[in-house]
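Have the coordinates open as you read.

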Amino acid sequence: MLETIREFALEQLAAAGEEDTARRAHAEHFVMLLEAGQGRFGDEPWMNPMRISATDRHNVTAVLEWANRNEDAAGHALRLLTRLPDFYDSVGHLNEALLVAPAALRRIAPRVTPAYADAIQSIGHIYNTLNDDAQALVWLQQAQDLWRQIDAPRKLVRALERAQRSARNIGDLD
């Protein structure tokens, strides 16, 4: 029933010419929500990830799906992608992040910026956490290259540590 209501609401927004405005506001709300919890998922009483999981997990996925279809949503997608590992891991649905995150990132023109490098590293983090070490290494190597170009040694060290863990797991590092 909720899906029927959602479809009806989207039809009404489209008919009124307000769909893009509503989706952009929806995206901004959830990006800000995840950024507000940065590094604190589950630690603060006001940021209960299980409550977010029950009510908002699908909204976060919907924002990424919208960003996949919207050329000018790169900023929202990058900001959201950097928070995905913490959010989806805290709510127990890390696999779900991989359904939309890589596609969202592929739609964004590559750039040498901290936000883009963070997004690449976040996807590597997800694969690393899920023990898909070969994929983790692919993404983490890209992040390392960007962090070198940006000259961000702390971020580079974090990417190297995760890559080392994955390399050790697949036997490429003794």
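Where is Asn131 found? Asn131 sits in the loop between α6 and α7; helices here are DSSP runs (H or I, at least four residues) numbered from the N terminus. This is a predicted model, in which local features need pLDDT of at least 70, side-chain atom pairs count only at pLDDT 80 or more, and totals for chains, interfaces and linings use all residues. Residues are numbered from 1 along each chain as its sequence is written, and side-chain values use heavy atoms, with hydrogens and water left out.

Most residues other than glycine have a negative phi.

| Residue | Phi | Relative accessible area |
|---|---|---|
| Asn131 | about 65° | 58%, exposed |
| Asp151 | near 65° | 62%, exposed |

Asp151 belongs to the loop between α7 and α8, which leads us to the helix itself. Helix α8 covers residues 153-169, 17 residues in total, and reaches 24 Å from its first C-alpha to its last, close to the 24 Å expected at 1.5 Å a residue (1.5 Å times one less than the number of residues).

Buried in α8 are Leu156, Ala159, Arg162, Ala163, Ser166 and Ala167. Seen down the axis of α8, the buried residues fall within an arc of 140°, so they line one face of the helix; the arc is that of the directions from the helix axis to the C-beta atoms. These buried residues pack against α6 (114-129) and α7 (133-150), where contact means heavy atoms within 4.5 Å. On the face turned away from the buried side, α8 carries the exposed residues Pro153 and Arg154. After α8 comes Gly171, with a positive phi near 85°.

Terms used
Helices (H or I, at least four residues) and strands (E, at least two) are DSSP runs, numbered from the N terminus. Buried means under 20% relative accessible area, exposed over 50%, partly exposed in between (1.4 Å probe, protein chains only).
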